[in-house]
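Hi there,

Here is the structure I promised to pass on. Have a look at it first, and then read my notes below.

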Amino acid sequence: MTPPQRKLRSTEWFGNADKNGFMHRSWMKNQGIPDHAFDGRPIIGICNTWSELTPCNAHLRKLAEHVKRGIYEAGGFPVEFPVFSNGESNLRPTAMLTRNLASMDVEEAIRGNPIDAVVLLAGCDKTTPALLMGAASCDIPAIVVTGGPMLNGKLENKDIGSGTAVWQLHESLKAGAIDLHQFLAAEGGMSRSAGSCNTMGTASTMACMAEALGTSLPHNAAIPAVDARRYVLAHMSGQRIVGMAHEQLTLSKILTRAAFENAIRTNAAIGGSTNAVIHLKAIAGRIGVPLDLEDWTRIGRGTPTLVDLQPSGRFLMEAFYYAGGLPAVLRRLGENHLLPHPEALTVNGKTLWDNVRQAPQYDDEVIRPLSQPLVADGGICILRGNLAPRGAVLKPSAASPELLRHRGRAVVFENLEHYKERIVDDSLDIDASCVMVMKNCGPKGYPGMAEVGNMGLPPKLLRQGVKDMVRISDARMSGTAYGTVVLHVAPEAAAGGPLAAVRDGDFIELDCARGRLHLDISAAELAARLAAPNASDRGGHGGYQRLYVDHVLQADEGCDFDFLVGCRGAAVPRHSH
Ligand code: FES
Ligand code: MG
């Protein structure tokens, strides 16, 4: 065991021979813990988002056992604790509603307990950012271990991807290309092992972001959930966090502006989810790093997308790992001078570049060379204009190139229910050149900014063979989804944003190359329409939803709560008795 270099915060609980020390130790001993656990060795929290209601994280208790082995081996003492687990597939109205709640849970659990450093066990979309947000607000040493992706989905001897297959099969069903039996037959095959979505959806994206930020060991993002090497990585992460506790390698030393710039560039190279724009902003806000939407244009645009994964491309996370995983991508970026800050520090004490400079690259089809990118100009397109004064986003790699510059007639839905009601009406006046607009699905309006922005196309157009249309909303979309979809319009309609003013028949211009999103009406007309009351879904919320609606920031600010932004540190609180 490395000798402690400074007094650990847990000694404030366990290191005193007084009444309080007695109480803290005695009750812990009811778990069969021997005296030497309290001899001043680092107490390592294992913050676990395990839950049977979060299927993507349902195997995390097994992973925690391997983390513990590493912690014991390095002379630390592990304490596993549960935090709120927001699973994407079950939680309504959206797992995003509780990302901030989970982050508060994490922050308060860390600060209030005898924890010197923490392993963040996450996996499903919102759990990874929530845990990083909470830990960043405490600024203690932390390492991310995600659960890893599911094995490739299988249907009729073909690979199918989590989420992406659902959207595709559902459109095929509506178009009459498959029947209900074929549609439902995909269920078991799509999700056939433990783990998170196997596409480059938000879960895989955020796992890659955690690795690119330097907050996890190399290869954490891609190793399949059921691959024994995932358990080895958990073991090694447990071993490493003990060293981090001794070194006081806190998150603020890793989550620097440089780390976020590396992550933004990486997101472009992997064809990552639009949700990363919101989550990275929220994490940066907690650690005090300034980040704005234009950083995505400045750092991300012009970066080639190298990773050929669904929903932008063809393959799945298994293939990504076998091809070399994220280290292979980072090496390719670095060798072409596209890694903004190779010197950025990571959790293993080495620089990002040191970790990847010799990373093997096994498959140029899955992780492409720069000379043959999947998309030459990847990244996230940031849009502004009178329809989105505080920005909107679009993912060009998942869009139709011919629609990236488009002017069309608006067909407007006041909310999700209005959309669902109108879209199946074959008398709806809509054609493939129209722009579908949905309001009141933003942070306050939904509430929680649900992943409903990739509105399915009208069945009558699907039957005609239409594959894509421009869609605009203040919602988010699943990282597994695709299409020419403008998302995160800010301010949202329910907060008085101009989206609220759009009417059927207005014309809207989208121009991704120029970053422009324009509602073709006069400024005076826009102002007059916005002065009229907006019939939003807002109001009538109680409990946590009340707190959420009152305090959530807009998408361009990361949808954190106004009072949660910032780092509050991990000073030991006052005595409890
Ligand atoms: Fe959990 Fe996709 S639903 S990772
Ligand atoms: Mg998702």
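How many residues does helix α3 have, and how far does α3 reach from its first C-alpha to its last? Keep in mind that this is a predicted model. Helix α3 covers residues 60-73, which makes 14 residues, and its end-to-end reach is 20 Å. That is close to the 20 Å expected at 1.5 Å a residue.

Which residues of α3 are buried? They are Leu60, Leu63, Ala64, His66, Val67, Lys68, Gly70 and Ile71. An α-helix has 3.6 residues a turn, so residues three or four places apart point the same way. The cover over the buried residues of α3 includes the strands β1 (43-48), β2 (77-82), β3 (117-122) and β4 (142-146), along with helix α9 (228-247). Just after α3 you'll find Gly75, with a positive phi of about 90°.

α5 is mostly covered, with 12 of its 12 residues buried; among them are Thr127, Leu131, Met133 and Cys138.

α5 also packs against helix α8 (residues 202-212), at an angle of about 35° and with the axes 9 Å apart. On the α5 side the contact uses Thr128, Pro129 and Leu132, and these meet Met206, Ala207 and Ala210 in α8. Sorted by type, the residues of this contact are 5 nonpolar, 1 polar and no charged.

Most residues other than glycine have a negative phi, and most peptide bonds are trans. Asp139 sits in the loop between α5 and β4. Is Asp139 buried or exposed? It counts as buried because 20 other C-beta atoms lie within 10 Å, and 20 or more is what the cut-off asks for. Glu156 also has a positive phi of about 50° without being a glycine, and its place is the loop between β5 (153-155) and β6 (158-160). Glu156 has 9 C-beta neighbours inside 10 Å, so it counts as exposed.

There are cis peptide bonds to look up too. One joins Gln310 and Pro311, with omega about 10°; Pro311 is in the loop between α13 and α14 (317-322). Another runs from Tyr446 to Pro447, with omega near -5°, and Pro447 lies in the loop between β10 (435-438) and α18 (459-463).

Now zoom out to the domains. The domain assignment gives domain 1 (44-150 + 194-356) and domain 2 (381-538). Their centres, taken over C-alpha atoms, are 31 Å apart, and 22 residues of domain 1 are in contact with 22 residues of domain 2. On the domain 1 side, α8, α12 (275-287) and α13 (293-300) each supply at least two residues, and α13 gives the most, with 4. That side divides into 9 nonpolar, 12 polar and 1 charged.

Last, the inside. The largest nonpolar core has 177 residues, and those with the most contacts inside it are Ile44, Val118, Val119, Leu120 and Ala135. α12 gives the most to this core, with 8 residues. Leaving aside neighbours within four places in sequence, Val119 is in contact with residues including Ile44, Val67, Ile143 and Ile241.

Happy exploring!

Definitions and conventions:
Residues numbered from 1 in each chain as written. Chains lettered and ligands numbered in written order. Predicted model: local features only at pLDDT ≥ 70, side-chain atom pairs only at ≥ 80, totals over all residues. Axes fitted to C-alpha atoms, helices over the stretch in contact; angles between N-to-C directions. Contact = placed C-beta atoms within 7 Å. Nonpolar A, V, L, I, M, F, W, Y, C, P; charged D, E, K, R; others polar. Expected span 1.5 Å × (residues − 1). Domains from an automatic or database assignment. Core = buried A, V, L, I, M, F, W, Y, C linked by C-beta atoms within 7 Å.
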